[in-house]
Amino acid sequence: VQIAYLSYPGTVLVTFGGEEVTSSVHPSSNKKASLVIFNTRAGLLGAIPVVIKPKKCQDPCADQVQFAFESLDATVPELLAPPSGMAKQQPKLPKITLEKFPAEGTYSSLLVTMVASDKTELACTVQPVDRMGDLTQLDVLTPAALVEGGYSVRISVTDSGGLKTVSIESFVVYDGLAAKVVSYGPAMVPTVASAGGRLLQLQSRVSATMANFPQDLSLSSVVATLGADNVRVLQVTDLVKCSAVAIDCNRTRVTLLAPALASPGDKTFSVSAPGMSTPLTFAITFEPPCDFQALCAAKSQLVNYRRLLDAPTIACDPAYCIKAADISAPEILRVSPTEGFVVGGTLVTLQVAGLPAFSAADIKVVAGEGVTKAFGEVVSLTQEPGSSLTSSKGELILRTPAVDALSELVEFTVSTKVDSESRSAKFFFDYLPALSGLTTLFMQVSPASMYETTESDTVSLALSLGSVPRLARPFVLSDIMVKVGAGAYLAVSKITSSDRVSTTVNVEATTTLPAGTLSISAYSVSRGVATASVHTVTVDASPAPSVVGAYPSDGSTDLAHTIAVTVQYVPPAFKLSDLTSAQLVASQKGKYPVEILSVENKNTKCKHTYCSLFEVKVRAPALNTTDNGGGAARFSAHNAAGAMFSWNFTYVASGKPEVLGFSPKWQYVVSDENNAAATSRTVTVFLTNFPRPACTNTLACKADAVRRQTHVRFSRDGTAVDVLSPSESMRETADGMLSIQVDAPAKAVIGAESLTVWAAAEGELLRVETDVFSFSYRAPARAVSPVDGSVAGGTLVTVKAYGIDAIPAQSDVLVSINDGTTETVLSSANVLAVTDNTQAGLVAEMTLSLSMPAVASAGVFTCRVKLVGASTEHLITDFLFEYFIAPVVSKLEQGDATVTGQTAATDGASTALRISNFPAIASGADVAVTFASVASPVLAYVNFKGGVWLQVRVPPAVDLAPGVVALTVQFTGAEPVPRGGVAGDTYVRAPKVASV
């Protein structure tokens with residue numbers, strides 16, 4: 001028992017149940033804390049009072065301490081690793097393992113009862129017990145009336161000592177055939193990122209393993225959603241297939257392609273399939289990824305954006321950077337076809353290798369050079385799987401541009417850029433004259449489409465015809481014959497030009513155009529009507545009425561406005577009485593009636609809907625204060641059939657610049673002098689009415705903020721740093737909100753910074769500054785090695801801490817060991833050394849070398865590092881340290897064997913041992929067993945509270961020599977992440993070894 005401030009030095013008196021017992025004071029005790037050791041008395045049960053006091057202190061002693069010690073009945077059976085639940089469809093309960101269970105034939109009754117939360121009791125049938133050394137296992141049949149819910153499983157046995165009862169509490173019975181999510185990952189995926197001038201739509205693969213999911217499903221039958229949006233299902237794999245009545249048996253893995261999201265946070269995915277009444281859900285966290293642009297620039301490298309798209313990551317991994325010299329140079333392996341017409345339009349397929357591009361938009365195709373060069377169109381790019389910036393193979397399809405009619409062999413250049421690096425390759429293409437073939441070609445028709453008409457009118461067309469012989473001047477109109485619609489062939493109305501490539505003509509025809517298509521045929525008389533071809537012009541239905549413009553287009557929210565609205569595509573007979581009402585809906589959703597003042601026809605010569613133009617004047621009222629936020633309002637005018645046309649009107653709001661929020665709110669201090677910039681985080685600040693309210697209505701806030709040199713000021717203790725927000729990081733939303741980004745400066749010392757956003761004065765506009773908001777610099781996790789040690793003490797521990805303003809001397813440092821619950825100081829560590837690894841202005845680092853003291857019991861303790869040399873002590877840093885009781889072999893079934901490995905065990909070649917204070921194991925692979933230097937396999941194991949039973953093979957003795965050898969058992973499995981640790985990080989732990 002550890003007692004604070006017990007009289008020291010001196011002897012103590014300990015009474016246990018009113019009688020003095022043997023006791024002593026541990027040598028590690030001091031005036032602050034004494035460690036008292038005493039023996040309990042046998043034969044006592046229940047809460048036994050214990051009194052500890054200085055031996056010379058007379059009753060009543062003011063310096064004594066008293067507490068109750070629970071003395072247990074050692075004959076009551078104890079549960080070892082009791083089961084926590086079962087599926088209701090299972091025929092038996094999970095096996096129940098006990099120790100201290102009465103021997104066979106020594107008990108008169110054994111009852112197992114399941115008690116529901118409503119106190120209903122279900123009697124269970126117990127099959128013959130199974131014994132393994134000191135352990136007993138019960139096989140219990142499932143009661144027929146068992147339903148889902150929580151239960152207490154009560155085991156009662158009666159022997160010569162009477163009724164003894166032990167219970168398994170919070171035993172959960174569930175539906176073993178219901179579908180559920182067993183596991184999923186990764187738990188975190190990156191949001192969209194930008195690098196090298198590209199916005200990278202990062203899409204991560206997310207897999208979820210389901211139990212009892214419908215089997216043999218097609219990919220299309222599994223539906224995944226994120227909110228209201230569908231998520232692409234990449235793969236559905238039945239990992240384990242069982243019958244429909246198999247309990248918790250089948251396993252299905254569903255792999256999804258997470259959408260590219262710009263906003264971070266927890267996002268819930270939903271997966272459903274035929275036959276499921278309720279979708280299964282799981283949550284994935286979207287986090288902004290590393291600033292790879294800064295990471296790679298610091299290494300004088302470029303961002304390998306292809307790798308980042310193929311395998312998105314959040315972590316700052318240098319593997320996602322690439323040297324400019326490593327980016328492959330393209331090579332054109334094959335060109336097909338190698339020739340085409342000078343009019344262009346030939347689709348050319350290139351087999352390419354080493355082209356560092358993965359999108360048609362990233363490629364530029366140029367034919368020729370100088371003033372005669374022309375740009376080709378990239379139709380598609382298909383790279384083979386596995387292609388990268390360093391090695392690729394694929395197919396590029398391009399459409400050749402039109403070139404000069406006399407062009408022949410032309411050199412093409414195919415180029416692309418990766419950030420600032422350019423790569424290119426060349427090939428030759430042979431252009432041929434366009435005059436070939438038998439059919440007259442429509443090279444161009446203007447207009448390409450027309451609107452329907454309900455009255456007969458003159459239709460005018462301009463046609464550019466190919467494969468037509470050049471016509472001699474003066475032109476003869478009847479040399480080109482054209483048929484419009486179902487009419488006869490007629491001479492053209494005008495020939496405007498003719499050369500060896502094309503002939504351009506004008507055609508006029510009087511007709512009515514119904515919606516649909518209009519066919520046009522043309523041929524050269526010299527080549528005959530057999531060469532005629534047909535071109536189809538789309539005749540579109542009359543468009544819906546729309547607003548061309550409105551004046552004024554904006555105004556103050558507190559004034560009424562008369563607005564002149566220009567409307568097209570209304571019937572030519574449109575009049576004021578055709579409009580029944582008008583209204584406006586403010587940006588804040590408030591609705592107001594609008595007065596219609598007049599309707600005026602502005603194109604009286606038009607007799608068709610498609611060419612009509614009217615001016616409609618309306619009067620809008622001033623808005624209520626609830627809608628005084630400004631923004632885009634939507635006006636609409638209605639006729640008897642409903643809404644006829646609508647338009648936007650921008651209301652100018654009032655208000656002051658305001659910070660709506662910012663993220664992240666902290667960053668770590670520098671811990672690596674060679675990579676100080678890596679700790680810097682990009683801070684995004686969301687503003688409204690910045691730098692002035694008027695810009696929110698004109699969507700000019702970004703332009704204003706850039707022009708007025710917007711900064712974020714970081715200040716602490718009178719020292720300020722202004723960071724300019726780059727224009728490319730600013731974003732403006734449709735409702736006028738502005739987001740800016742700055743890289744927070746790297747700092748060496750922890751603490752809070754006061755932040756403000758300000759913009760410089762401009763003309764009559766004064767300098768503007770927001771209210772203060774707080775940003776903190778935190779210390780990264782202390783590096784502790786190892787993170788645990790024996791309660792016997794003596795473990796040498798190294799602790800590294802960052803962000804400390806002043807590193808103390810060794811004599812001024814006290815490291816106390818505190819109880820993790822009550823914060824009581826139990827002991828203190830021996831400070832062996834304090835090392836100041838601080839680099840001026842970059843890193844504030846302190847390294848402690850400690851020798852850990854002994855403690856009375858195992859557990860996780862808070863270690864507090866304090867400065868005690870000053871007039872008042874204060875906390876420098878703290879860390880968690882876990883004490884464990886060293887494992888011991890508490891029982892060995894077979895302690896001897898023949899030199900050939902034969903024992904008295906049932907199988908003749910094994911022994912069983914019980915190890916206390918040993919971690920739970922998941923398989924025999926978690927234990928290394930050796931007899932002297934000879935390794936031995938684990939044949940069976942049973943975990944129990946605080947230890948494990950092992951059955952191991954006894955190997956032959958080395959050289960078959962008789963003698964005594966050490967049997968050593970060492971834990972080699974994976975231990976859980978220490979309290980306060982981070983999953984995925986590596987922690988050094990002290991070895992757990994027992995020997996006999």
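Accessible areas here come from the Shrake-Rupley method with a 1.4 Å probe, and for residues only the protein chains shown count as cover. On that basis, the protein chain exposes about 49900 Å². Carbon and sulfur atoms supply 53% of that area.

Some ground rules. This is a predicted model: local features need pLDDT of at least 70, side-chain atom pairs count only at pLDDT 80 or more, and totals for chains, interfaces and linings use all residues. Residues are numbered from 1 along each chain as its sequence is written, and side-chain values use heavy atoms, with hydrogens and water left out.

Now the overall shape. The C-alpha trace spans about 135 × 70 × 65 Å along its principal axes. The radius of gyration, taken over C-alpha atoms, is 43 Å. A compact globule of 996 residues would have one near 30 Å, by the rule of 2.2 Å times the number of residues to the power 0.38.

Secondary structure next. The chain has four helices and 80 strands. These are DSSP runs, numbered from the N terminus: helices are H or I, at least four residues, and strands are E, at least two. Of the 996 residues, 40% count as buried, meaning under 20% relative accessible area with a 1.4 Å probe, protein chains only.

Why does F427 count as buried? Because its relative accessibility is 6%. Beyond its neighbours within four places in sequence, F427 is in contact (heavy atoms within 4.5 Å) with residues including I332, L350, L398 and F412. V723 is another matter: F427 and V723 are 49 Å apart, C-alpha to C-alpha, and 296 residues apart in sequence.

Key
Buried means under 20% relative accessible area, exposed over 50%, partly exposed in between (1.4 Å probe, protein chains only).
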